[in-house]
Amino acid sequence: MIREVKAKTVLQKSKLPESPYCLNPYIGCTHACSYCYARFMRRFTGHQEPWGLFVDAKVNTPDVLSKQLARNTIHGPVLIGSVCDAYQPLEKRYELTRASIQQFVSKGINFSVLTKSSLVLRDIDLLRQGAGFCSVGISLSTLDDSIRRKFEPGTCSVQKRLHALEQLHKEGIRTYLFIGPILPLITNIEAIVAVASQFVDEVWGEALNLRCGNRNDVAQSYAACNLPDEWDKLTRSPKYWRSVAAELENACCRAEVPLVGFYEH
Ligand code: SF4
């Protein structure tokens, strides 16, 4: 179900490292990733549908943002899309992310967008104007589209995401590869870094987070890929995550691209 809602505030303080503010023009996300940690947002909406089957579009985002920016001085970058994908398909219709970026660019406010969608290329004109103070991250957990569809049914293909990184990078926009979540038995860190490193300025990684009511959905995705249950044990093994951290470091070192951070849960 799609609903149009009015928000009181859209720019919010965040505890995320590197991003003291965040902006989410949508609640919910039709990318419907089985591992998504943002599903906790459902309890603020009254929606009964499963995660991935509802979105509230905050249709007054541009007005509210403009009032907030007039009132407050923003220190530090804004992350666009911390609990939704700001370039999910509905953004084609509503253009709330575009309108927000327009304001950040015109005011010279540092921002970053993290997405799984090549729709970000629609806004390359604005991103080019903000090239000195914005960045775009693209997330990838696998290079295999048949696996991607099992975990992220509503997302665009791996090829389109790599193409988006390439185009943004060519335009002089700061880009980063976000390898996350890292899925045990699936994510081939070495291969992802090898194909994407030529188009990015930095790399981030994130471990699979199963502390947000997503375990059953993740288990179903693994089962659909015919993978053994060993993944579950690995997610609880500090030794396994230490080896992942080392693998990330080595892959980035070989590709000569900086690894900026690895989030563990
Ligand atoms: S794209 Fe991001 S916000 Fe959307 S469902 Fe997937 S993980 Fe969640």
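This section describes the sheets, helix packing and selected residues of a predicted model.

The model is predicted; local features require pLDDT of at least 70 and side-chain atom pairs count only at pLDDT 80 or more, whereas totals for chains, interfaces and linings use all residues. Residues are numbered from 1 along each chain as its sequence is written, and side-chain values use heavy atoms, with hydrogens and water left out. Helices (H or I, at least four residues) and strands (E, at least two) are DSSP runs, numbered from the N terminus.

Eight strands form an open sheet with mixed pairing, in the order 2-3-6-7-8-9-10-11; two strands are taken to pair if DSSP finds at least two bridges between them. Strand 2 (11–13) and strand 11 (259–263) are the edge strands, each pairing on one side only. On average, neighbouring strands of this sheet are turned by 25 degrees against each other, direction ignored. At one end of the order, strand 10 (residues 202–207) is joined to strand 11 in the parallel sense by four bridges, and Trp-204 stands opposite Gly-261 of strand 11. Strand 9 (residues 174–182) contains Pro-181, and the peptide bond leading from Gly-180 to Pro-181 is cis, with omega near -10 degrees.

Three strands form an open sheet in the order 1-5-4, again with mixed pairing. Strands of a sheet pair through backbone hydrogen bonds, either parallel or antiparallel. Strand 1 (residues 2–5) runs parallel to strand 5, with four bridges between them. In this pairing, Arg-3 stands opposite Asp-56, and Glu-4 has Ala-57 as its bridge partner. Strand 4 (residues 26–27) pairs with strand 5 in the antiparallel sense over two bridges, and Ala-57 is the bridge partner of Tyr-26. In a regular strand the side chains alternate between the two faces of the sheet. Strand 5 (residues 55–58) is covered on both faces, with Val-55 and Ala-57 buried on one side and Asp-56 and Lys-58 buried on the other. Here, buried denotes under 20% relative accessible area, exposed over 50%, and partly exposed the range in between (1.4 Å probe, protein chains only).

Two helix pairs were examined. Helix 1 (residues 61–71) packs against helix 3 (residues 96–107) at an angle of about 25 degrees, with the axes 9 Å apart. Axes are lines fitted to C-alpha atoms, for helices over the stretch in contact, and angles run from 0 to 180 degrees between N-to-C directions. Helix 1 and helix 3 are therefore roughly parallel; angles under 35 degrees count as roughly parallel, over 145 as roughly antiparallel, 65 to 115 as roughly perpendicular and the rest as oblique. Their crossing is right-handed, that is, the near helix is turned clockwise from the far one by less than a right angle. Thr-61, Pro-62, Leu-65, Ser-66 and Leu-69 of helix 1 are in contact (heavy atoms within 4.5 Å) with Leu-96, Ala-99, Ser-100, Gln-103, Phe-104 and Lys-107 of helix 3. The residues of this contact comprise six nonpolar, four polar and one charged, where Ala, Val, Leu, Ile, Met, Phe, Trp, Tyr, Cys and Pro count as nonpolar, Asp, Glu, Lys and Arg as charged, and the others, Gly among them, as polar.

Helix 7 (residues 189–196) and helix 10 (residues 238–255) pack at an angle of about 25 degrees, with axes 9 Å apart. Helix 7 is thus roughly parallel to helix 10, and their crossing is right-handed. Ile-189, Glu-190 and Val-193 of helix 7 meet residues of helix 10 including Val-244, Leu-248 and Ala-251.

Several loop residues complete the description. Leu-210, in the loop between strand 10 and helix 8 (215–224), is buried at a relative accessible area of 12%. Beyond its neighbours within four places in sequence, Leu-210 contacts Arg-215, Val-218, Trp-231, Asp-232 and Thr-235. Ser-19, in the loop between strand 2 and strand 3 (21–23), is likewise buried, at 9% relative accessibility. By contrast, Glu-256, in the loop between helix 10 and strand 11, is exposed at 72%. Glu-256 has a positive phi of about 55 degrees although it is not a glycine.
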